[in-house]
Amino acid sequence: MLSEVIRLRPRRVLMSADAMGGVWTHALELARGLNRRGVDVHLAVLGPAPATSQRQEAQRIRGLDMTVTGLPLDWTARSAAAFAEVPEVLKTLAVQSGADVVHLNAPAHAGTAPWPLALTVAAHSCVASWWHSVHRGPLPADLAWRADCTAAGLAAADAVIAPSCSFARTLRATYGMNLSVVPVPNGCRGAQFVQRREKRCILTAGRLWDLAKDAAAIDQAARTCECVIQAAGPTCGPNGEHVDLPHLALLGTLGNEELARWYAATAIFISASRYEPFGLSVLEAAQAGAALVLSDIETFRELWDGAAHFFPVGDAAALADTLGRLRCDEQLRRQFASRAQARARHWSADRMVSATLGAYGHALEMFAQRHPPRSAA
């Protein structure tokens with residue numbers, strides 16, 4: 001039995017990631033935890049190259065190698081033809097790196113052809129479910145091919161990971177009810193946040209340009225309640241997206257260490273998302289001791305029910321009222337901050353790493369069943 005467990009535990013993982021949002025934070029946290037368990041990671045970065053601060057953060061992780069591929073992401077590629085080379089380049093890199101498991105942080109990276117190694121894909125979001133959360137009608141052609149790539153990657157995988165039970169259900173509803181998805185919630189180390197006794201900031205963080213984040217509702221709430229709300233993150237997207245937020249105090253794009261300092265000073269953290277497979281920024285803010293004010297969507301209810309204040313999606317007036325109550329009632333604010341911090345301990349980095357290793361073991365087992373040794377054929 002012990003030899004079987006060891007056989008199904010990888011020594012080296014080829015992991016894809018991008019440097020544009022929460023996937024970067026997730027990938028580095030996972031790499032740290034895997035290294036502590038004796039598993040090295042080769043990180044293949046797609047999309048724009050990491051910033052200097054991101055490279056420095058990655059260099060501090062033992063057992064982590066990194067290749068900046070220059071390849072497009074499925075949601076930044078101009079066409080299916082421009083994206084077509086991605087799976088083959090990643091396959092070559094996986095073999096050359098000596099990996100025995102591949103972990104793709106977007107199913108579309110997998111392509112349609114079989115992989116030479118055990119394949120785990122993590123679906124942190126998808127264009128089809130994103131579209132249906134913020135728009136009406138069928139997918140436009142420019143998104144349909146991206147959704148097709150995601151469907152193909154899910155079908156090709158030996159194991160599929162989703163960051164919440166609610167998003168696992170969304171994937172099944174979108175791509176087929178027979179899809180086997182393992183929920184592996186994100187996790188991060190609370191120790192990286194320096195606690196402060198005085199917390200005065202009201203903060204939101206994320207891709208502010210993304211319609212699904214609904215930063216416009218937070219902007220309107222700031223105008224109504226006449227409070228200063230700090231907003232960390234880009235207002236311009238990679239494909240020309242832009243949002244004007246005149247009532248928010250814009251901080252721009254912050255590195256993880258600088259953002260952690262803002263979390264440490266935050267009394268109230270807001271997320272108005274219409275679509276959120278997990279919400280890593282919410283977890284980070286909760287670990288740092290912020291009271292949470294969240295849009296009432298399925299994922300947030302799953303993860304934070306009883307530990308956050310909820311307001312109807314898109315309702316800026318309700319958000320402003322909630323902020324007003326929390327600003328005036330310090331005891332209530334501290335009570336919910338304590339609840340959020342206690343709940344956040346459940347979503348630890350160690351828990352995430354253990355569950356991910358379980359998914360790798362399943363992928364290795366499935367791969368072995370499809371590729372038995374010649375002597376057993």
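What percentage of the 377 residues of the protein chain count as buried? In this predicted model, the figure is 54%. The accessible surface of the chain comes to about 16,500 Å², and carbon and sulfur atoms contribute 52% of that area. The C-alpha trace spans about 75 × 45 × 40 Å along its principal axes. The chain comprises 15 helices and 13 strands. Its radius of gyration is 21 Å, close to the 21 Å that the globule rule gives for 377 residues, so the chain is as compact as a globular protein of that length. Among contacts with a separation of 6 or more, 69% are accounted for by residues 24 or more positions apart.

Seven strands form an open sheet with parallel pairing, in the order β3-β2-β1-β4-β5-β6-β7. A122 has I161 of β6 as its bridge partner.

Helix α5 (residues 86-97) lies across β1 (12-18), β2 (40-46), β3 and β4 (101-104), and runs at about 155° to β2. Helix α15 (residues 349-370) lies across β1, β4, β5 and β6, with an angle of about 140° to β5.

Strand β8 (residues 201-205) runs parallel to β11 (residues 266-271), and three bridges join the two. In this pair, I202 stands opposite I268 of β11.

The loop between β7 and β8 contains K199. Is this lysine buried or exposed? The relative accessibility of K199 is 16%, and K199 therefore counts as buried, the cut-off being under 20%. A polar atom of the K199 side chain lies 2.7 Å from the backbone oxygen of A264. The backbone oxygen of A288 likewise lies 2.7 Å from a polar atom of that side chain. When neighbours within four places in sequence are left aside, the contacts of K199 are Y263, A264, A265, T266, A267, A288 and G289. The surroundings of K199 therefore include both residues that supply these backbone oxygens, A264 and A288, because each is in the contact list.

A local example of burial is provided by helix α6 (residues 127-134). The buried residues of this helix are V127, A128, S129 and W131. The elements that cover them include α7 (141-156) and α8 (165-175).

Definitions and conventions. Residues numbered from 1 in each chain as written. Predicted model: local features only at pLDDT ≥ 70, side-chain atom pairs only at ≥ 80, totals over all residues. Heavy atoms only, no water. Pairing = 2+ DSSP bridges. Helix = DSSP H or I, 4+ residues; strand = E, 2+ residues; numbered from the N terminus. Contact = heavy atoms within 4.5 Å. Axes fitted to C-alpha atoms, helices over the stretch in contact; angles between N-to-C directions. Rg over C-alpha atoms; globule rule 2.2 N^0.38 Å. Buried < 20%, exposed > 50% of the residue type's maximum accessible area, 1.4 Å probe, protein only. Areas by Shrake-Rupley, 256 points an atom, 1.4 Å probe, with all protein chains shown as cover. Polar contact = N/O pair within 3.5 Å; in protein donor to acceptor, adjacent residues only side chain to side chain.
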